[in-house]
Protein chains: 2
Amino acid sequence: MEATLEQLRTVGYRGLSIEETAARSRVDRSMIARRWSTKALLAAEALAGQVEFRPIPATGNLRTDVRRVVQRAIQVLARSPFGRVLVEMVSELDADPEARAQILQMFGPARAAHLDVLQAAAGNGRLPYDIDLMLLLDIISGTVLYRRLLGREPTPHIVDQLTDFIVDLRLPRANPAQEPTT
Amino acid sequence: MEATLEQLRTVGYRGLSIEETAARSRVDRSMIARRWSTKALLAAEALAGQVEFRPIPATGNLRTDVRRVVQRAIQVLARSPFGRVLVEMVSELDADPEARAQILQMFGPARAAHLDVLQAAAGNGRLPYDIDLMLLLDIISGTVLYRRLLGREPTPHIVDQLTDFIVDLRLPRANPAQEPTT
């Protein structure tokens, strides 16, 4: 796993090779190939330990909680080594359902952390009781990942815009909301 | 281009080869390589003619217009051959700024069609005058593409949910909004 992570750091998913992993870790190539049938699965397992999935402490303040979920999504998808590799391997997921399932499982704890916070807000009536939390998370993650794929790094402004859209039901504006001048 | 499209249809982006394109179109390989320096650029140009970019006729009814933008995003990103190939090549975009620029340019007319409709709504006061239309489009496209990448096909329900979120500022619910029973 260390050898795989080292390669991902230096040459990325595209440059990752099972041969090189075998050479670096002094393990027989066929042993690695037996355990991980594809490069995607090898990378997925190596990265699983790297994903941030500390629970997000719920504060009870909806704006703070939503903001933290958005920030965490940006951190995981757009700033972490995991996100960088995810972008590189995302196109193989369609052709490799096993790797996709494993990636989804890796996302599981991070997703659960997000869900916990939002679920608590729904339970306390700060969000509608019948809210589609999965879609809400997909809206947040999808927007962040899309900007990342198009090469536009998510800015702090987008954190405000997405938070305001969800919390205040305020459509995103070109200029940040005016802060009260008190 | 025909030879490239034929390959994209049958073996996908992953199976596309410049050699095969050369053989099928009876053109010298080096000529193709000179014109398209990467596979991504070759695929991008072949697909450019396939993207749906008919203007979306604005009806003046905000709900209808937004719904059509969401439907078109689903059609282009999740249902078209272009979308299928886009998902396959999306991971190369990070490493290939030239192909990314070309893809963005291909998206240009489709994006312009979406923007026209929404801009008209903003101009007529049906959307806030200072709305961030780019982000609104990224929210729509990002959510659709994200679901596609995770292997969950966008359902008709999501069209309602996204439309209601934007038009009625109604957070997405797990169950469709009740239709008036009149």
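Entry 1. I began with Ile131(B), which I find in the loop between helix H7 (97–123) and helix H8 (133–149) of chain B, where helices are DSSP runs of H or I, at least four residues long, numbered from the N terminus, as strands (E, at least two) are. I note that this is a predicted model, in which local features need pLDDT of at least 70 and side-chain atom pairs count only at pLDDT 80 or more, while totals for chains, interfaces and linings use all residues. Residues are numbered from 1 along each chain as its sequence is written, chains are lettered from A and ligands numbered from 1 in the order in which they are written, and side-chain values use heavy atoms, with hydrogens and water left out.

Entry 2. Is Ile131(B) buried or exposed? Its relative accessible area is 8%, so I record Ile131(B) as buried (under 20% relative accessible area; exposed is over 50% and partly exposed in between, with a 1.4 Å probe and protein chains only).

Entry 3. Leaving out residues up to four places away in sequence, I listed what Ile131(B) touches: Leu171(A), Pro172(A), Arg173(A) and Ala174(A), together with Ala122(B) and Leu136(B), contact meaning heavy atoms within 4.5 Å. One of these, Arg173(A), has its side chain in a salt bridge with that of Asp130(B) (3.5 Å, N to O), the rule being a side-chain nitrogen of Lys or Arg within 4 Å of a carboxyl oxygen of Asp or Glu.

Entry 4. I then took the interface as a whole, where 43 residues of chain B are in contact with 43 residues of chain A. The area buried between the two chains is about 4,200 Å², with 63% from carbon and sulfur atoms (accessible area, 1.4 Å probe, that two parts lose on being put together, summed over both). Of the area that chain B buries against chain A, 15% comes from Leu135(B), Tyr146(B) and Leu171(B), more than from any other three residues.

Entry 5. Lastly I checked how the copies are related: chain B can be laid on chain A with an RMSD of 0.0 Å by a turn of 180 degrees and a shift of 0.0 Å along the axis, superposed by least squares on C-alpha atoms of residues with pLDDT of at least 70 in both. That is the relation of a two-fold axis. In chain B, the C-alpha of Gly142(B) is the nearest to the axis, 2.2 Å from it.
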